[in-house]
Amino acid sequence: MNYDIIVSGLGCAGFSFMYYLLDSPLKDKNILIIDASDKKENDRTWCYWASNPLESHPKNTPLVSWKSLFVKDKAPLFNQLNTLNYYHIKSSDFYLEIAEMINNKPNITWVKENITSIVAQDNGSIQVETSSNQTFEGQTLINSIPDLSKLENKKILKQIFLGWKIKSNTDSFAPEHATLMDFSNRNSDTVNFFYVLPYSKTEALIEYTEYSNSEIKNDKMVSELKKYIQVNLGIDDYEITFEESGSIPMSTQNFSRSTQSNWIDVGTVGGCTKPSTGYTFYTVQKHSKMIVEALSSQNKSQNLNWKRSSRFNFYDNILLNIAVKWPNRLPEIFQEMFAKNPTDQILKFLNEETTFWEELKVLSSLSYGIFIKSLLNYERH
């Protein structure tokens with residue numbers, strides 16, 4: 001059967017695209033979704049900063065956000081947000097609301113199988129095969145499934161993390177502050193920090209994150225989490241109620257497999273992950289909305305792949321170069337960035353929404369020695 005649109009992979013990017021599609025003139029098109037999971041599990045935590053909740057933010061669950069971000073290297077910094085909020089989303093809440101919208105549309109078919117191949121045909125259509133040897137053809141492909149051979153390249157730096165949501169038997173957290181980066185237990189060999197999202201005085205998500213171009217044993221990350229919870233947070237008695245883990249490629253390289261204009265890669269494979277921080281959700285929303293608006297207007301000449309500014313690719317690559325070659329210097333860069341600039345401005349910069357002159361102001365506030373060193377030893381990561 002030939003479909004108007006095939007969505008291959010139904011994670012953050014696939015669901016985000018469907019959210020905007022279902023509120024557009026495309027909503028009655030013949031659409032096929034392919035993903036083996038029923039997407040009922042909470043498998044990810046997403047955060048973003050914005051003045052107000054994004055359109056796609058789940059509406060049937062309580063809003064969770066923070067107005068203060070804590071950053072710590074040699075000294076603690078409490079960074080108050082002015083016009084922005086730091087928002088939190090449980091992936092299961094996101095999946096559930098959009099899945100209900102999908103299930104109410106008889107023109108949308110959801111095939112719960114693994115995809116084995118995606119091939120662009122000579123006639124311009126895209127052919128997708130699944131694990132049960134079914135073959136589907138579509139006029140437009142929205143793809144979030146990566147080419148693993150590219151992501152497994154050992155030269156690519158990855159942000160590897162393990163997180164636990166814990167419940168303490170005592171009041172242990174300050175729920176007004178989200179800890180963006182705590183480098184307290186860092187060493188000189190890698191960039192590693194802790195990320196803490198407190199939901200109440202007794203519950204929080206605590207994540208250990210490390211930048212590495214090789215795999216990290218789970219035992220090591222478990223040990224680091226236990227030590228931080230006990231030594232840094234002073235918590236001895238707690239219950240783990242949720243666990244998440246992942247590996248995010250940190251690279252300015254192009255991971256797209258797109259071979260023609262109607263094959264649109266989205267999410268991480270589509271270049272929506274910020275190389276120097278790993279944040280993805282906010283950009284995925286912008287890209288999804290752009291794609292739906294363009295497809296609705298039937299502008300077939302428009303390139304619908306996400307295009308990052310070459311300036312930000314350059315900035316990110318300078319930081320990645322430092323992370324790879326002088327990892328002990330990266331914590332002080334983030335500390336200085338937040339210490340010398342308004343927090344809203346830094347977050348705007350990290351969202352890639354600043355002007356060149358605003359960027360110059362941020363960059364001129366930093367100690368420039370390590371950046372000159374990175375330029376003199378410049379490599380693309």
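## Charges over rings

The charged end of Lys39 lies over the ring of Tyr95, 4.8 Å from the ring centre. This is a predicted model. A second case involves Lys112, whose charged end sits over the ring of Trp110 at 4.9 Å from its centre.

Ring pairs join Tyr95 and Trp110 into a cluster with Phe15, Trp46, Tyr48, Tyr87, Phe94 and Phe281.

## Aromatic pairs

Across the whole structure, a search finds 24 aromatic pairs. Take Phe70 and Phe78: their ring centres are 4.8 Å apart and their planes meet at 40 degrees, so this pair is tilted. Phe70 is buried, because its relative accessible area is 12% and the cut-off for buried is under 20%. Phe78 is exposed, because its relative accessible area is 51% and exposed means over 50%.

Tyr315 and Phe349 also form a tilted aromatic pair, with 5.9 Å from centre to centre and 45 degrees between the planes. This pair links distant parts of the chain. Tyr315 is in helix H6, while Phe349 is in helix H8 (residues 343-350), and 34 residues separate them. Tyr315 and Phe349 are both buried.

## Nonpolar cores

In soluble globular proteins, nonpolar side chains tend to be buried together. Here, the largest nonpolar core has 43 residues. Within this core, Tyr86 and Leu330 touch the most other members. Helix H6 (residues 310-325) gives the largest share of the core, seven residues.

## Helix H1 and the annotated span

How many of the residues in helix H1 are buried? The count is ten of ten, over residues 12-21. Among them are Cys12, Gly14, Ser16, Met18 and Leu21. Phe15 is buried in H1 too, and Phe15 is part of the ring cluster.

An unreviewed UniProt entry annotates residues 6-22 as a "transmembrane region". In the model, the end C-alpha atoms of that span are 14 Å apart. The span is 59% helix and 18% strand.

Methods
Residues are numbered from 1 along each chain as its sequence is written. This is a predicted model: local features need pLDDT of at least 70, side-chain atom pairs count only at pLDDT 80 or more; totals for chains, interfaces and linings use all residues. Side-chain values use heavy atoms; hydrogens and water are left out. A nonpolar core is a set of buried Ala, Val, Leu, Ile, Met, Phe, Trp, Tyr and Cys residues joined through side-chain atoms within 4.5 Å. Buried means under 20% relative accessible area, exposed over 50%, partly exposed in between (1.4 Å probe, protein chains only). Helices (H or I, at least four residues) and strands (E, at least two) are DSSP runs, numbered from the N terminus. UniProt positions are given in the numbering used here, feature names are shortened, and annotations may be inferred rather than shown by experiment. Rings of Phe, Tyr and Trp (its six-membered ring) pair if their centres lie within 6.5 Å; planes under 30 degrees apart count as stacked, over 60 as edge-to-face and the rest as tilted. A charge sits over a ring if NZ of Lys or CZ of Arg is within 6 Å of the ring centre and within 35 degrees of the ring normal.
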